[in-house]
Amino acid sequence: MITALDHIAIAVPDFEKAIKRFMEDFGLTFDGTEDVVPARTSTAFFPLPPTSIELVHPLNGEGPIAGYLEKKGGGLHHLCFRSDNIEEDVERLKAKGYQFLADAPTPGAHGSKVIFIHPRSCDGVLIEINQPADEH
Ligand SMILES: CC[C@H](C(=O)O)C(=O)SCCNC(=O)CCNC(=O)[C@H](O)C(C)(C)COP(=O)(O)OP(=O)(O)OC[C@H]1O[C@@H](n2cnc3c(N)ncnc32)[C@H](O)[C@@H]1OP(=O)(O)O
Ligand SMILES: [Co+2]
């Protein structure tokens with residue numbers, strides 16, 4: 001079951017500058033960065049209960065965020081629903097015809113399991129579903 005809006009992600013071309021902006025200009029709490037190697041993405045999290053802002057940037061200049069930045073220069077990249085049983089939600093949504101970008105969840109930030117739904121399945125919005133480490 002989907003239980004929360006886990007995070008909203010913004011793709012940024014200048015990681016350090018964007019982190020500074022969210023800390024200093026918007027005054028958000030910075031929870032640190034994490035390189036998520038399987039996703040080829042550097043992430044920075046700013047908790048803003050009951051959700052978080054995630055900044056995403058290409059790890060080593062490669063991966064899905066690099067392609068996005070090349071085309072769009074930056075912007076709202078995806079939203080992430082938290083699930084308390086990701087496999088069950090994937091099966092349920094697959095049966096409804098949603099196109100997933102992987103066969104099974106993969107490692108995400110903070111030890112979570114994540115999977116993505118193609119934007120064309122949801123009116124042009126890239127959807128991530130995650131299950132936090134302490135819930136699996
Ligand atoms: C997992 C770690 C971390 C976490 O939270 O724990 C993260 O969130 S990491 C986030 C980075 N990972 C991903 O984004 C993985 C999923 N994304 C992908 O696999 C690709 O980006 C994909 C398949 C969405 C697009 O890749 P593709 O090579 O097909 O790129 P195109 O430029 O050809 O795009 C095709 C089509 O999709 C539209 N598009 C692309 N990105 C987005 C987006 N973020 N939001 C909305 N739409 C998007 C693009 O405009 C093209 O549309 P079309 O109408 O066909 O022109
Ligand atoms: Co994310």
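This tour moves through one predicted model, from the whole chain to the sheet, its hairpins and the ligand shell.

**Before selecting anything**

Residues are numbered from 1 along each chain as its sequence is written, while chains are lettered from A and ligands numbered from 1 in the order in which they are written. Because the model is predicted, local features need pLDDT of at least 70 and side-chain atom pairs count only at pLDDT 80 or more, whereas totals for chains, interfaces and linings use all residues.

**Stop 1: the whole chain**

Display the chain as a cartoon. Three helices and eight strands are present; helices are DSSP runs of H or I with at least four residues, strands are runs of E with at least two, and both are numbered from the N terminus. In sequence order the pattern is β-α-β-β-β-α-β-α-β-β-β. The radius of gyration of the chain is 15 Å, close to the 14 Å that the globule rule gives for 136 residues, so the chain is as compact as a globular protein of that length. The radius is taken over C-alpha atoms, and the rule is 2.2 Å times the number of residues to the power 0.38.

The C-alpha trace spans about 45 × 30 × 25 Å along its principal axes. Of the 136 residues, 29% count as buried. A residue is buried if 20 or more other C-beta atoms lie within 10 Å of its own, exposed if 12 or fewer, and partly exposed in between, with C-beta atoms placed from the backbone. Among contacts between residues at least 6 apart in sequence, 52% join residues at least 24 apart; a contact means that C-beta atoms, placed from the backbone, lie within 7 Å.

Next, select residues 4–132, which an unreviewed UniProt entry lists as "domain: VOC". UniProt positions follow the numbering used here, feature names are shortened, and annotations may be inferred rather than shown by experiment. The end C-alpha atoms of this span lie 11 Å apart, and the span is 23% helix and 38% strand.

**Stop 2**

Eight strands form an open sheet of mixed pairing, in the order 2-3-4-1-5-8-7-6. Strand 2 and strand 6 are at the edges, each with a single partner strand, so one side of each has no neighbour in the sheet. Two strands pair if DSSP finds at least two bridges between them.

Select strand 1 (residues 2–11) with strand 4: they pair in the parallel sense over four bridges, and isoleucine 10 has leucine 55 in strand 4 as its bridge partner.

Move to strand 5 and strand 8, which also pair in the parallel sense, over four bridges. Here leucine 79 is the bridge partner of isoleucine 127 in strand 8.

Phenylalanine 116 stands opposite glutamate 128, and valine 114 has asparagine 130 as its bridge partner in strand 8. Four of the five residues of strand 7 are buried, so this strand is largely enclosed by the rest of the structure. Strand 8 is mostly covered, with four of its five residues buried.

**Stop 2: two hairpins**

Select strand 2 (residues 33–36) and strand 3, which run antiparallel and are joined by four bridges. Valine 36 stands opposite threonine 41. Four residues separate the strands of this hairpin, and arginine 40 in the turn has a positive phi of about 50°.

Go on to strand 6 (residues 106–107), joined to strand 7 by two bridges in an antiparallel arrangement. Threonine 106 has valine 114 as its bridge partner in strand 7. In this hairpin five residues lie between the strands, and histidine 110 takes a positive phi near 60°.

**Stop 3: around ligand 1**

Centre the view on ligand 1. Of the 25 residues around ligand 1, Ala39, Pro64, Gly108, Ala109 and Pro119 come nearest; a residue is near a molecule if its C-beta atom, placed from the backbone, lies within 6 Å of that molecule. Strand 3 (41–48), strand 4 (51–58), helix 2 (64–72), strand 5 (75–83) and strand 7 (113–117) are the elements that give two or more residues to the shell. Helix 2 gives the most, with five residues.

By class, the shell has 14 nonpolar, eight polar and three charged residues. Ala, Val, Leu, Ile, Met, Phe, Trp, Tyr, Cys and Pro count as nonpolar, Asp, Glu, Lys and Arg as charged, and the others, Gly among them, as polar.

Finish by selecting proline 64, which is in helix 2. Proline 64 counts as partly exposed because 18 C-beta neighbours lie inside 10 Å. Proline 64 and alanine 39 are 25 residues apart in sequence and 8.1 Å apart in space, C-alpha to C-alpha.

Key. Two residues are in contact if their C-beta atoms, placed from the backbone, lie within 7 Å.
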